[in-house]
Each structure stands twice: as C-alpha cells, then as structure tokens.
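Hi,

Here is the structure I promised to pass on. Have a look, and my notes follow below.

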Amino acid sequence: MAAKAKEKYVAYVSTYTRGDKHGIKIYDVDMEKGRFVEKDQVEITNSSYVTISHNNKYLYSITDFGVEAYRILKDGSLELINGGSINGMRGCYLSTDYTNSFLFVAGYHDGKLTVLRLNEDGGVGEITDEIFHKGLGTVAERNFRPHVNCARMTHDNKYLLVADQGMDHVNVYRLDAMSGKVALVDVLRSELESAPRHIKLSRDGKYIYIVHEWKCFIDVYSYEEKDGQPSFEKIQTIETVKREKGSANAASALSFSEDRKYLLSTNSGDNSAVLFSVDEKTGMLKKIFCLPISGKYPKDASLFPDNKFLVSLNHESNEMTFFHVDVENGTMIMNGPPVQVDVPNCIVFHKLA
C-alpha cells in the first residue's frame, strides 16, 4: 500500500449546472492527506454521469445535448473530441464495452437504452441501436413505467445488463460486436418496488452486484455462459441499511475499491455510507460499517485508491465530505472540512501515467 502514495491521481466530479456552466470539476488527489485540490473545470451542461474508457484514454459524459467525448491529457486535464446526440431525453448513466467500441447510455426519463459506436480517436460515432423499454410497473411513487438507470457489459463482452428501475428488473441483451445491435436473451427479476439502480461486476466477472434504491439492498448473482447462453443464480441479498416501515431511506451509490476487495454503497434519508468486504472466491459480501456522511443525499461516494480515505458527494447539501477509513476496525472519521460543490452527481478517480 505504501507505493500508492507515490502514484498520482486526479478525480473527475460531474455536477448539474444551475448557476455554474462548468459541469465537470477536475481535482488533484492528495493521497497522503486524503483531500482534493481544485485543478480545472470543464464547461458542459448538466453532467449527470461520467465514465472512463477501459483503456483509460477517454472520458465520456452525459450532457443536455446527448453525450460528449474527451481525451484525457497527461496531466489529467480534458480535451473535447466531439459530441453526439442520443435521439432522446437527457441520459442518467453511460459506460463503454471492453473493446472501447461502443458507448451505452441509460435514459431514466424516457425509458430508453441507446447504443453508439465509438470512433478510433475515441470520439462518439453514430447510433447503432435504440431500445425503448415497455410495460407498466406498480402504480406507486415513480415506479409505474420504464426508467432505464444503468447499462453495463459482462466482462466477457458478450452481454449488456440494463437495470430498469421502474419495472423492477434487469434486462440481459446479447451484443453483436459488429453491428452494435442488441437482442434480449434473459431478464433478472427483482423484488416488487425495489427499484434496481446500479450494477457492478467482480474483478473476474463471475459475480454481479445490483443495488436496489427503494428497498435498500444489494442482490449478488453468479454469472457464467453455458452452451452459448448466459446463466445467472442469485446467491445473496444483503441490506445497505435496516428496512423500516415508512422510512424515506433510498440506496444510491455503488462502487468498488480499486483493488476490488471492498464494495461501497450509500443511503439517502439515513445519509450514510455502507462498506462491504468482498470474498473474491465466493462473491459474497460482509458488512464492515454503515456510518453517517455528514451531509444530505450522498448520491455517489468512493474510496480513495489506497482504501485509507473516502469521499462522499452530497447532492442536496452541495458539498463533498472526506473521511479517514480504517477497514480493519470498521471506523470512518471526518477528515477536514467539506468542499463546496453545487449538486454533485458522480465521481471517478484516474491514475496518471
């Protein structure tokens, strides 16, 4: 772990743009102090989510106009390549496949999945497929129609997992790596009115983790391909926060530590961060702690790359809060004052070459 301190990182934080035109903030990461130093900012509208390509060369962001592609420069600054329309309402999530050939955009507002081809220079190309989810869910709260909230590829780059928060299921699509078309091959059905929100995969790709917003739990599935078909088996359900009748708690973030030994989630209402250890052989989770983040609505959170610190993006209190983490003793202690950021949405760390 000591060597990590010598490695240099930047952090990209996406935000909504109310009075400030700069929807992406860039920070130098002080690994020894567990703090951020403001470095740069990017003019972009309502960056609701950002992701980095698997080759670590490009950053992609949601914008009011669709998506934008950026080249990550040597010092971590961003250089705009181009933008592209998603032919729909503003997306809420995006990710790339493992060959950096396609970009997947989840549309919460219009229940739409959009697939775009990526150019050789990392720029956004044409739309290769558009899928509108259909149906009626439970007529309660906002869970009454499709809300596509997340789209992630399995590590073998064969299947796209698409969480539909409104319909309480995850659609499994086979990706045609030539045409960029997707075809439905399976559905992972969640508990009624649980609202699957985000999906992560284990380091080896054998286990899938789905956090459910409204009922505050994570489902763990094993995954393998059998006879040319995906096969999933639910092996664990674990709470992010204790369920209480009438509570306003809602699970939000889901992120792995850089070494994949820990999985982090957050809860609004309870305003807490919950950390799990990951058994890499079995895929099972074990809760280490669930502790307050000293802010309102921790929409996203992340461990620092050395697992010694944690940052929480508090969407409703317009700030980032920092903590020193001791995973062995299960403690999280505030580390300095909050940093003001207007309506932050998402954070990603990037190691500089």
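A definition to start: buried means under 20% relative accessible area, exposed over 50% and partly exposed in between, using a 1.4 Å probe and protein chains only. This is a predicted model, so to speak of local features we need pLDDT of at least 70, and side-chain atom pairs count only at pLDDT 80 or more, while totals for chains, interfaces and linings use all residues. Residues are numbered from 1 along each chain as its sequence is written, and side-chain values use heavy atoms, without hydrogens and water.

Now the rings. Those of Phe, Tyr and Trp (its six-membered ring) pair if their centres lie within 6.5 Å; planes under 30 degrees apart are stacked, over 60 edge-to-face, the rest tilted. That gives ten aromatic pairs. In one of them, Tyr159 and Tyr223 sit edge-to-face, 6.4 Å centre to centre with 75° between the planes. Tyr159 is in strand E13 (residues 159-164) and Tyr223 in strand E18 (residues 217-226), so this pair ties together parts 64 residues apart in sequence. (Strands, E, are DSSP runs of at least two residues, numbered from the N terminus.) Tyr159 is buried at 0% relative accessible area, and Tyr223 is buried too, at 7%.

Tyr209 and Phe256 are also edge-to-face, because their ring centres are 5.6 Å apart and their planes at 80°. Here strand E17 (residues 207-212) holds Tyr209 and strand E20 (residues 250-256) holds Phe256, 47 residues apart. Both Tyr209 and Phe256 are buried.

Finally, Tyr27, Phe36, Phe304, Phe309, Phe322 and Phe349 make up one aromatic cluster.

Cheers

Key: Helices (H or I, at least four residues) and strands (E, at least two) are DSSP runs, numbered from the N terminus.
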